[in-house]
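Here's a quick briefing to read with the model open beside you.

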Amino acid sequence: METIKGLTRRASLALAASFTALPMLGISGQAQAAPVRGGKMIYGRYADSMFLDPVLNDANVDIWVMTNLFDTLLQPTADGTGVQPGLATKWMLEDGGKKLVLTLREGVKFANGTPMEASDVKWSLDRARNPKLGPWGDLVSSIADVAVTNPSTITIMMKTPDPTILAALATFNTAILPQKLFEAAAGATDEEKAKAFAERPIGTGPFLLSDWKREVSMKLVRNPHYWKKGADGQALPYLDELEFQIIKDDSTRLLKLKAGEIHGTELVPLTRVKELQADPNLRMELWPSTRVVYLSMNNRPKLKDGSANPLSNVKVRQALNYAVNKDAMIAIVTQGQGVPMTSFMSRTTPLYFKQDLYKVDVAKAKALLAEAGFPQGFETSTMLVSGNQDQLNIATAVQQMWAAVGVKLKLEPLDNASLTKRYRADDFSMRTGAWTNDIADPGQITSYFAYFPNIGSLHTGFQNDRIDALYKSSLEEIDPAKRAAQYKEIQEIYAVQAPILFLFETPYAVAFRKNAEGFVQIPLGNNLFEAAYVTK
Amino acid sequence: MNRGTWLLGRLAQIVPSFLAIGGLVFVLARLLPGDPVSAVLGDRASDATIARLTAQLGLDRSILSQLFGFLSGILQGQLGDSIAYRVPVTRLIGERLPATLMLTGFALILAIVIAVPLAFVAALRENRWPDLVIRGVFQVGLSTPVFYVGLLLLTGLAARARLFPVGGYGEGWLEHLWYLFLPALTLAFSFAAILMRSLRSAILLVLTAEFVDFARSKGLRPGLILGRHVLRNALIATVTLVGLHVGSLLGGAVITESVFAVPGVGRLMVDSIFARDYPVIQALTLILAVLVSLAFLVTDIVQMWLDPRVGR
């Protein structure tokens, strides 16, 4: 079928492009020296991982480093929008998208030297789609059956054609684990075995975990059996050792980088990007991300305490959006490192549709408020995580901008657990929020932001029957053009209805010493160290 | 009552107070709004996922049954698994406790080494320039926030002058001492100020006592008078102060550890409270309570040695 071919073609094109494009993505304009083999890289992280099991984990601190230990059948391309071969070298959608046949890469070994078998693949996929295990099963819930056709072929039967299946097979939760080792781990239940296995996880990824002191450091060593080849034709990774040091304090982490005690660090505060760019020993890297920053509003007619909720009026929500100057906000909060949101999804999300979202217009905001019956404005509040400087800056900026149209914003700083509790109970007027995609597809963010039945559209209570219907049909729409049209309409309705306050997108800000190169962070957040190296 | 029974009595007080502390922390942790499951799973998790994990962790049982499980666990030495990290809390804490103990101990020694000689200098030169300078400097130390002192030392001595590493803990004893010097100094700074002031006034007081006049009139050398009579008597109040302050040193370690990226229990405590990781909060509080109780006990013993009237 043509549409299916279309999908595969996009994938294979991306694949062809990615191998050549990868080294060029190293952002800085300077010519890259030839990669150096051996040695150790130390990377400062703001928080430690918690649970290195692809299926049962639930946090970015796990997801973003797991690709260094495990591989998926397909892999996201470096631009984060397509897929390329991983542990499978070929894939073919047949039967109108109801059947997916994958050819496994030959000679792949786990880090302990045992060969990867087709049975490991079947078992891993069955585990990933088990709805009782972990929060990610929905991403592959369209799979009806996984069968080993022969030692190098896997056949996946779909319940319904699923346009996201290739992206899902490139997402962390479908990583391939060694079945026998996992099952031999201590414990009776899957959860217990996963706990034991994740102490010293074995995968087919570029590195192998050798030592983990929680909240202190994680040491990874080169997997000598890794299948991917470097620029020199030899097996990757270049590094012998990769150490993650956990340094929670931003200032200390940057001081350590400047002092040369670590080679690189993540999560550079955007307000310090310019300072690091000016340091001759460092290289600031700003990787395109899927991160959007917004304020979600309670759209229900009444608040939890029974009082009337002005935010339930769409004109009020539009007015509040018109009252915010996103460019000024970006200048204040990110020192110019962000870009305004132009849809509820980031520019890097597939099927993103660009719109002119609420250019600042105070007069229009006032007019809309008057039409809605609030000519003098009103008082409302937003929750934010106390101690989080970025969120405080955002909330304060919004507070000042809204004051110009008579809306008084009260700030309610709360610790994260209290905030989450009230949020889950729909007991709030507004809250600060940020989002990154886990899968290269618009479906996930839409199911959280716009599709009511999942989590009540970010707990805003926003419900639009047209969006819900479009989203549901998009789940089975394998015609890319039709699917793009569905997502265009969803994004347009969402923009007009404005259930959230649209703010800005930010890049992933990482910094390295000049002698440390080859790191890649894809828009989904994955930290790739397979081609990283340190020169003298 | 002889000293042996006195010591036994002190020890006997400790066990019930631990159970009481355990029960109290158990209840307090649960009075915090929010719960560990939604803290771990975050905003995105569905209600079904939350319910499943809650049941799995036994958090859906009644508070009394959970409390009973926890207290009987303590008596068997079982403190449970961390909810966020999914490893036994004893291991989580065991990996970090040495760094905190070393940092606190180091800070204590530094504070004493700094404060005792300066207190003598200040007391013996009362209201003259050395006294004024010493008291002035310590006044600044006392009123400057710990994290600020830490950042100043980090930026100046570590990042700029490269005399010390910027943060971390190193490997092996010698490296630990080297890495922990700046954080210990930071932590010691305000404590040394308190110690110096208290010791200085104690010395001034003792210097006016009749037995000192008597010792002088016996013709004892001034050094001997200071060492044997003045210091020993002045130290009694100071030792109590040191003992009482071990708790606040441990508290100060939270901030210091975080600025200097020292992998100790302080930061773990803060993170666990934010994550509502009940088992870690409970176990850490208990262990810190044990440490503080031990510090009090040692204080009492030292005092008994300094002042033979105690414990009689």
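Let's start with the buried part of α7(A): Thr252(A), Arg253(A), Leu254(A), Leu255(A), Lys256(A), Leu257(A) and Lys258(A). Keep in mind that this is a predicted model.

**Helix α7(A) and its surroundings**
- Seven of the nine residues of α7(A) are buried, so the helix is largely enclosed by the rest of the structure.
- Within chain A, those buried residues pack against four strands: β1 (40-45), β11 (264-265), β12 (282-287) and β19 (508-513).
- After α7(A) comes Gly260(A), with a positive phi near 80 degrees.

**Chain A as a whole**
- Count up the secondary structure of chain A and you get 17 helices and 23 strands.
- Its radius of gyration is 24 Å, close to the 24 Å that the globule rule gives for 536 residues, so chain A is as compact as a globular protein of that length.
- The C-alpha trace of chain A spans about 70 × 60 × 45 Å along its principal axes.
- Buried residues make up 52% of the 536 in chain A.
- Take the contacts in chain A between residues at least 6 apart in sequence, and 71% of them join residues at least 24 apart.

**Where chain A meets chain B**
- Chain A puts 29 residues into the contact and chain B puts in 36.
- On the chain A side, α7 (250-258) and α13 (416-424) each supply at least two residues.
- The largest share of that side comes from α13(A), with seven residues.
- By type, the chain A side divides into eleven nonpolar, five polar and 13 charged residues.

**A helix pair in chain B**
- Over in chain B, helix α10 (residues 222-259) packs with helix α12 (residues 278-306) at an angle of about 175 degrees, their axes 9 Å apart.
- Angles over 145 degrees count as roughly antiparallel, and α10(B) and α12(B) are therefore roughly antiparallel to each other.
- From α10(B), the contact residues include Leu235(B), Ile236(B), Val239(B), Gly243(B) and Val246(B).
- On the α12(B) side, Leu288(B), Leu291(B), Val292(B), Ala295(B) and Phe296(B) are among them.
- The residues of this α10(B)–α12(B) contact split into 13 nonpolar, five polar and one charged.

How values were computed:
Residues numbered from 1 in each chain as written. Chains lettered and ligands numbered in written order. Predicted model: local features only at pLDDT ≥ 70, side-chain atom pairs only at ≥ 80, totals over all residues. Axes fitted to C-alpha atoms, helices over the stretch in contact; angles between N-to-C directions. Parallel < 35°, antiparallel > 145°, perpendicular 65-115°, else oblique. Contact = placed C-beta atoms within 7 Å. Nonpolar A, V, L, I, M, F, W, Y, C, P; charged D, E, K, R; others polar. Rg over C-alpha atoms; globule rule 2.2 N^0.38 Å. Buried ≥ 20, exposed ≤ 12 C-beta atoms within 10 Å, placed from the backbone.
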